[in-house]
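Okay, everyone, thanks for coming.

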Amino acid sequence: MNILLIVSGGIAAYKSLDIVSNLKKSGHNVKVVMTKNSTKFVTELAFQTISKNKVYTDTFEELDEKEIQHIDLCKWADKILISPATANLIAKMANGIGDDLASTLLLAVDDFSKIYIAPAMNTVMYENPITQSNIFKLRQLGFNFIEPAEGLLACGDIGKGKLPSVETILASFLHNEKLTGKKVLVTAGSTREYIDPVRFISNPATGKMGIAIAEVFADYGAEVILITSANYNSSRKNISVVPVISAEDMFVEVERNFRSCDIIVKTAAVSDYRPIITYDKKVKKQIGNIELELERTTDILQFVGQRKTKSQILVGFAAETNNVIEYAKDKIRRKNLDYIVANDVSKKDVGFASDNNEVYIIDKNNKVEKISKNSKKYIAKKIVDLITK
């Protein structure tokens, strides 16, 4: 895994040398970004020697003219660990300030779920309502926090704010490996049923929710097959993207792959109907109305539900405009699902095309858990955590 470690200016910075050492021993590739203040506690040379990589400290020191340093480091990293994270750096993140390489780089991350923050500071600073408000804001956006420990602090005070042990930090940071060896199939996006070369039947689904779920599974170490109509390319070695267009395309790929998977998550908004007759040339405008006869597409979710084994977990999605929970419970029974994720797509600020969502997760025993409005990336993590607990 490519790991970017950001070290900010606290006395606990020296512990980050052990973090790099342990990550390297585990086979990870580690690059280090240091704030100017952190170099007062630990030298660049120490991190360079252990990581076997160049250490980054200056926004304007572009080592490769073909790269934009703060952008390409984000793209390179599978996960980002900030340890120690000072109150100052947390405040910058929460308020969108980018005045050095570390803070500017963090503004260029488009997936907050891959950032893990280990705060370390005096107890009063940590418990200060401003700091707590900043932490709450970042949590809501999908950032992960590793809780500080209680104990004797460098200043002599006793309380919460001490950087946890290296073992605790790594256990929290690398918890994704709990799904190593598991294989997951995720479908995402809408399908298009063409009438002629320029017209089709579809829906507003963009695939954002399914892609977020696929990325969380990948974060957790699973091998992911993402079957999608969305224009999505992943550099992650454990995400295989299978592009599709129509409901039939998606059915063929799901049928081909689902039997080898431990978990199947069907987030895609698949067309229920397609034209019986399609035209290879554009249908020209006519006087009066025309009739379009439709036929049912294969119900992919039901197909898998009828054939899945007892050891497989099948998760469906229900996009509803009314009676959300009632319809979802009926669907989970009819299609032999283990879980269903239901949302009200009639709400303008959640659902289709939005970066946010609000969902109900219902299991086969009719237990309902609501996740209030939040980013789809945050909700994706909650969904994956629940179905793999």
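Before I start on volumes: a pocket here is an open set of grid points with protein on both sides within 12 Å along at least five of seven lines, and its volume is the space filled by probe spheres set on the points. Keep in mind that this is a predicted model.

With that in hand, the second largest pocket holds about 700 Å³ of space. Its lining has 28 residues, and nearest the centre you'll find D110, D111, E215, Y232 and K377. Which helix gives the most to that lining? It's α9, with four residues. At least two residues each come from α3 (69-76), α9 and α13 (376-387). By class, we have eleven charged, ten nonpolar and seven polar residues there.

Now the largest pocket, at about 920 Å³. It's lined by 41 residues, and A268, A269, V270, F317 and A319 are the closest to its centre. Strand β17 (313-320) is among the elements that supply at least two residues each, along with α9 (208-219), α11 (300-307) and β19 (356-363). The largest share is from β17, with four residues. This lining counts 18 nonpolar, 14 polar and nine charged residues.

Last stop, the surface. I11, Y14 and F41 make up a nonpolar patch there, with about 330 Å² of accessible area together. Y14 sits in the loop between β1 (2-7) and α1 (15-25). Its relative accessible area is 49%, so Y14 counts as partly exposed, since exposed means over 50%.

That's my tour. Over to you.

Key. Residues are numbered from 1 along each chain as its sequence is written. This is a predicted model: local features need pLDDT of at least 70, side-chain atom pairs count only at pLDDT 80 or more; totals for chains, interfaces and linings use all residues. Side-chain values use heavy atoms; hydrogens and water are left out. Patches are made of residues with over 30% relative accessible area and no salt bridge: like charges are joined within 9 Å, nonpolar side chains (Val, Leu, Ile, Met, Phe, Trp, Tyr) within 5 Å. Accessible areas come from the Shrake-Rupley method with a 1.4 Å probe; for residues, only the protein chains shown count as cover. A salt bridge is a side-chain nitrogen of Lys or Arg within 4 Å of a carboxyl oxygen of Asp or Glu. Buried means under 20% relative accessible area, exposed over 50%, partly exposed in between (1.4 Å probe, protein chains only). On a 1 Å grid over the protein atoms alone, a cavity is a set of points where a 1.4 Å probe fits but cannot get out, and a pocket is an open set with protein on both sides within 12 Å along at least five of seven lines; lining residues have an atom within 4 Å of a point. Ala, Val, Leu, Ile, Met, Phe, Trp, Tyr, Cys and Pro count as nonpolar, Asp, Glu, Lys and Arg as charged, and the others, Gly among them, as polar.
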